[in-house]
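Walk through this model with the coordinates open.

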Amino acid sequence: MLSSVTSWRSMDNDFDYVQFWYNVVDFFERAPGRAAQRNVDCLLKWWTRKVFGTSHRAELSDTAKAKMSVNALAMQRAQRDDALFDSD
């Protein structure tokens, strides 16, 4: 069990899940330098190999690439950013 709370909310005591979400996405999208970007690239290659059974992303179909979780995260973040922008 990750938590004892009975329902989910964006804040759980002093833990902000929304900020956590943005931190995870930023880790992949906004690496602070070339060394950090290499680490992100290695992690994504590892993830691809674990999920799809290959370390060669180029061998994946465009459909499989589009469905990769990192792309889904990026799309969800863009939708949230658009919604926040539209509400201002």
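Buried means under 20% relative accessible area, exposed means over 50%, and partly exposed lies in between (1.4 Å probe, protein chains only). Arg 77 has a relative accessibility of 8%, so this arginine counts as buried. Arg 77 sits in helix H4, residues 69-87. Helices here are DSSP runs of H or I with at least four residues, strands are runs of E with at least two, and both are numbered from the N terminus.

A word on the ground rules. This is a predicted model, in which local features need pLDDT of at least 70 and side-chain atom pairs count only at pLDDT 80 or more, while totals for chains, interfaces and linings use all residues. Residues are numbered from 1 along each chain as its sequence is written, and side-chain values use heavy atoms, with hydrogens and water left out.

Now the confidence. pLDDT is the predictor's confidence in each residue, from 0 to 100. The chain has a mean pLDDT of 80, and 89% of its residues reach 70 or more. Among the elements, helix H1 (residues 17-29) has the highest mean, 90. Helix H3 (residues 62-66) has the lowest, 75. Where pLDDT is low, the predicted coordinates should not be read in detail.

Take H1 next. Its 13 residues reach 18 Å from the first C-alpha to the last. That is close to the 18 Å expected at 1.5 Å a residue, where the expected span is 1.5 Å times one less than the number of residues. At the start of H1, a side-chain oxygen of Asp 16 comes to within 3.0 Å of the backbone nitrogen of Val 18.

Which residues of H1 are buried? They are Trp 21, Tyr 22 and Val 25. Seen down the helix axis, the buried residues of H1 fall within an arc of 95°, so they line one face of the helix. The arc is taken from the directions from the helix axis to the C-beta atoms. An α-helix has 3.6 residues a turn, so residues three or four places apart point the same way. The buried residues of H1 pack against H4.

Back to Arg 77. Leaving out residues up to four places away in sequence, Arg 77 touches Trp 21, Tyr 22, Val 25, Asp 26, Glu 29 and Arg 30. Contact means heavy atoms within 4.5 Å.

Charge comes next. Side chains of opposite charge can pair when their charged atoms come close. A salt bridge is a side-chain nitrogen of Lys or Arg within 4 Å of a carboxyl oxygen of Asp or Glu. How many salt bridges does the structure hold? It holds three. Arg 77 and Asp 26 meet in one of them, at 2.4 Å from N to O. This pair links distant parts of the chain, with Arg 77 in H4 and Asp 26 in H1, 51 residues apart. Glu 29 and Arg 77 form another, at 3.6 Å from N to O. Here Glu 29 in H1 and Arg 77 in H4 are 48 residues apart. Asp 26 also bridges to Arg 30, with the closest N and O atoms 3.7 Å apart. Together, Asp 26, Glu 29, Arg 30 and Arg 77 are linked in a network of salt bridges.

Glu 29 is partly exposed, at 42%. Arg 30 is exposed, at 55%.

Last, look at Leu 44 in helix H2, residues 34-52. Leu 44 is partly exposed, with a relative accessible area of 26%. Its contacts, not counting residues up to four places away in sequence, are Phe 28 and Val 70. The C-alpha atoms of Leu 44 and Val 70 are separated by 8.4 Å, and the two residues are 26 apart along the chain.

Note on methods
A polar contact is a pair of N or O atoms within 3.5 Å; within protein, one must be able to donate a hydrogen and the other to accept it, and residues adjacent in sequence count only if both atoms are side-chain atoms.
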